[in-house]
Each structure stands twice: as structure tokens, then as C-alpha cells.
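Subject: Structure handover

Hi,

Here is the structure I promised to pass on. Please have a look at it first; my notes follow below.

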Amino acid sequence: MDNNINIQQNAVPKKSIKTKTLMWLIIIGTCIVCTLSFPIGSAVQYKKAVDIFNAKDYDAAYKAFDKLEDYKDSNDKKNACIYAQAKKHADKKEYIKAYEKFMTIEEYSDTKEQMKAIYNDYKNEQISLVKSAKKGDTVTLGKYDNKQVEWVVLSVNKDKKKALLISKYSLVKKPFDKSGDVTWRDSSIRKWLNKDFYKSTFDNVEQSIILTSPIKNKKNPEYNESSGKNTNDKLFLLSIEEANKYFSINSDRVCKDLDDSTTGWFLRTQGNTYFRIAYVQSDGDIYGTGDYQSNSYGIRPAMWISIK
């Protein structure tokens, strides 16, 4: 009697076995269907992405390939989309957009060669704009402290095919010379402008149009103090005479620095004595008496460029 009870208690109903078996069959079947259908679905999506690419809708094609993740060569196709987008920008002479696109796929195909070509095209276009600029125009040339340098065209000499530029802003504050008793020729600011600044600010294409010019260093017109011997420079500071010639009124000489604060800026003419240098005050007035050379004032480089 007890044995029969135990057998009945431990027995598994046939209906329960059938239900569990059916459930497992459904799960296994679903897995098989998903496994088989995934590559089929991906293949369809891949073909659609290729068709979109061939239709030259590169933005949409990129999104389509991105959804496919690592399927086949989808990642390579994404790079191809970016490459094609960059080429479209370059064809429209949208050089900066093209360059930025290429930068994201620098190791793809001939991207590095494309970037060099775009850079040269961009620089040539910029230089063409500089060469065609008129007096009073603002042009862009070079990069200082990771910022494009803006220049104001002070004069255009069509006969000699050259133009005089001065930086629109004071680019930095520096002493004229730390020793405090030199003329322009021996000053630390002259050395810095024509070596460190020149090399770090302008690339080879830009340097090719900057002229080495004869710089006349005349006496202080008010105090008759000598400003030293004449020099030959690519970059220089204006003299008192030039600051009066190219800026007819004080307000035209008012200058701001890169932080948008009004500042005074050095000239290269000696002050009322050998240890002072003339400068333009923050209100634009020229202070011929000058200040100590070791004090720091704004620096506005000037240069003659070829417009041939």
C-alpha cells in the first residue's frame, strides 16, 4: 500500500512532459530562425546601403553602414563615405570643411596626399586674397597662439608690387629690450619678430611672399634722439613717422589685444633719451617721450609683402 502511494507521488504527468518539450522546441526553433534571418536581413540592409552610396547620398549611406556595425566591410565603407564627403567639399572650394573631414580618416587610402593638396589650394587662395586686397582691407595670414592673424592693409604700392600690413590687434605684450638701453637694431623684440615669431607664425607658402625690406630708423622728430642705424627686416615695428603717415587720427591708432582690451603699443623710434622708446598710448596718441624699454607694451608687427 505504501509503495503504491510513493510511486503515484513521484510519477510525472505525461501532459507536463509534453508541455515542457514543446516549450524547448519553440525556443530552439526561435533561435534557429533568428540565426538564419540575421545574415539575410543584414545582407539586404548592406545592399541598400551600397545603393545609397552609389546614388551619392553619402550622409545617408554612412548612417546605413553604421547600423550594420562589423558586417562585412561596413566600417571600410563608412570611411569611403567620409572620403567622398570630403572630396565634395574640396570640389566646392570649401577647404576647411574638406580638411576637417579628411582628418577623421587620416590613414584611409590616399587621404594624407589629399590633405596636402587641399592645404596648398587653401593657402594659395588665401594669398591671392591678400595680394588683391586694397588699402584699409583686413586680411588673414599666419597663425599665432593657435589663432589666425588678421592684418590691416596700410598701403599698396602697385609700381613696386608690394603692400604694407600691420597686425589688426596687439598680439602679445613684451619689453622692447630687457637690458633697456639699445636701439631697434640691437633690440630683443627685433630678434624675436624676425626669428621665433616669423618661423612659428608663417608656413613656407606664407613666408615666400614676405619681403626683406630696408628699414629707415630716423631720429626722434621732437627730441632729436638717434634711433640707431638702418636695418633690413622682414618684420618690424612702425616708427613715429610711419604711425603718423598711415594713421591720420588718434582714433585710428587705438588698438585692442587678443582679449579685446584696449592697449598701448610700441613703436621703434627712440624716446627722449637712449633708454626710452616711443609708443602709442591706449587712446591712440603718440607719446614721443617714450617709456622704459624694459617695460612691456603691445606688439603690432608690420611687414611688406609681395603682390606680384
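K218 counts as partly exposed, at 46% relative accessibility. Partly exposed lies between buried, under 20% relative accessible area, and exposed, over 50% (1.4 Å probe, protein chains only). K218 forms a salt bridge with E241, and their closest N and O atoms are 3.2 Å apart. The pair links distant parts of the chain, 23 residues apart. K218 sits in the loop between strand 5 (213-215) and strand 6 (231-233), while E241 belongs to helix 9 (residues 240-246). E241 is partly exposed too, with a relative accessible area of 44%.

Before you read on: this is a predicted model, where local features need pLDDT of at least 70, side-chain atom pairs count only at pLDDT 80 or more, and totals for chains, interfaces and linings use all residues. Residues are numbered from 1 along each chain as its sequence is written, and side-chain values use heavy atoms, with hydrogens and water left out.

Salt bridges

A salt bridge here is a side-chain nitrogen of Lys or Arg within 4 Å of a carboxyl oxygen of Asp or Glu. The count by this rule is 10. Two further pairs:

- E107 bridges to K112, with the closest N and O atoms 3.5 Å apart. E107 is exposed at 65% relative accessible area, whereas K112 is partly exposed at 38%.
- K256 bridges to D260, again with 3.5 Å between the closest N and O atoms. K256 is partly exposed at 35%, but D260 is exposed at 52%.

There is also a network of salt bridges, which links K123, D203 and E206.

The whole chain

The protein chain has 10 helices and 13 strands. These are DSSP runs numbered from the N terminus: helices are H or I, at least four residues, and strands are E, at least two. Of its 308 residues, 42% count as buried. Now take contacts, meaning heavy atoms within 4.5 Å. Among those between residues at least 6 apart in sequence, 56% join residues at least 24 apart. The chain exposes about 18400 Å², and carbon and sulfur atoms supply 51% of that. Areas come from the Shrake-Rupley method with a 1.4 Å probe; for residues, only the protein chains shown count as cover.

One last residue

Where does K88 lie? K88 is in helix 4 (residues 74-91). At 41% relative accessibility, K88 is partly exposed.

Best wishes
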